[in-house]
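Biologist: I would like to learn how to read helix packing from a model. Could you take me through one?

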Amino acid sequence: MFGTMFLVLMACGSAVLAGPSIGVLGIYLAANVCQPGVSQGMALFVEVLFTMVFVLVILGATDPKKGAGKFSGVAIGLALGLVNIVGIPWIIVP
C-alpha cells in the first residue's frame, strides 16, 4: 500500500513540476494532428472505438473461466499491435 501511494505521489509531483517547464522551454512531447481529410470527430470516434475493442480483449483474455490462461499476454499484445497498426494512420500525421 505504501509503495503504491509513493508511486502515485511521485507521478503527480513530477507532472506538477514538469508541466510548466515544458511550455516555457518550448519542448513539446507530442504533435497530434489529424490526417488530411479526417476530422477531429472522426479521430475521436476511432480512438474511442479502438480503446473499447482493446479493453474488451483485455477483459476477455484475463477472464478466470473463459480467458486465454497463460497466453493472455500474447492476446493482449497482439490486440495492442493491431489497434496501433490500424488506428495510427487514421489519427496521426507521420
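The dialogue below goes from the overall fold to one helix pair and its core.

Biologist: What should I know before reading any values?

Modeller: This is a predicted model, where local features need pLDDT of at least 70, side-chain atom pairs count only at pLDDT 80 or more, and totals for chains, interfaces and linings use all residues. Residues are numbered from 1 along each chain as its sequence is written, and side-chain values use heavy atoms, with hydrogens and water left out.

Biologist: How many helices and strands does the protein chain have?

Modeller: Helices (H or I, at least four residues) and strands (E, at least two) are DSSP runs, numbered from the N terminus. Here there are three helices and zero strands, in the order α-α-α from the N terminus.

Biologist: At what angle do α2 and α3 cross?

Modeller: Axes are lines fitted to C-alpha atoms, for helices over the stretch in contact, and angles run from 0 to 180 degrees between N-to-C directions. Helix α2 (residues 40–61) and helix α3 (residues 72–91) cross at roughly 175°, and their axes come within 9 Å. That makes α2 roughly antiparallel to α3, a label for angles over 145 degrees.

Biologist: Which classes of residue make up the contact of α2 with α3?

Modeller: Ala, Val, Leu, Ile, Met, Phe, Trp, Tyr, Cys and Pro count as nonpolar, Asp, Glu, Lys and Arg as charged, and the others, Gly among them, as polar. The contact of α2 with α3 has 16 nonpolar, two polar and one charged residues.

Biologist: With which residues is F50 in contact, beyond its neighbours within four places in sequence?

Modeller: Contact means heavy atoms within 4.5 Å. F50, in helix α2, is in contact with V83, V86 and G87 once those neighbours are left aside. The C-alpha atoms of F50 and L80 are separated by 9.4 Å, although these residues are 30 apart along the chain.

Biologist: Which residues of α3 are buried?

Modeller: Buried means under 20% relative accessible area (1.4 Å probe, protein chains only). In α3, S72, A79, V83, G87 and I91 are buried, and what covers the buried residues of α3 includes α2. Of the 94 residues of the protein chain, 12% count as buried.

Biologist: Which residues form the largest nonpolar core?

Modeller: A nonpolar core is a set of buried Ala, Val, Leu, Ile, Met, Phe, Trp, Tyr and Cys residues joined through side-chain atoms within 4.5 Å. The largest has eight residues: V38, A43, V46, F50, F54, A79, V83 and I91. Its largest share, four residues, comes from α2.

Conventions. Angles under 35 degrees count as roughly parallel, over 145 as roughly antiparallel, 65 to 115 as roughly perpendicular and the rest as oblique. Buried means under 20% relative accessible area, exposed over 50%, partly exposed in between (1.4 Å probe, protein chains only).
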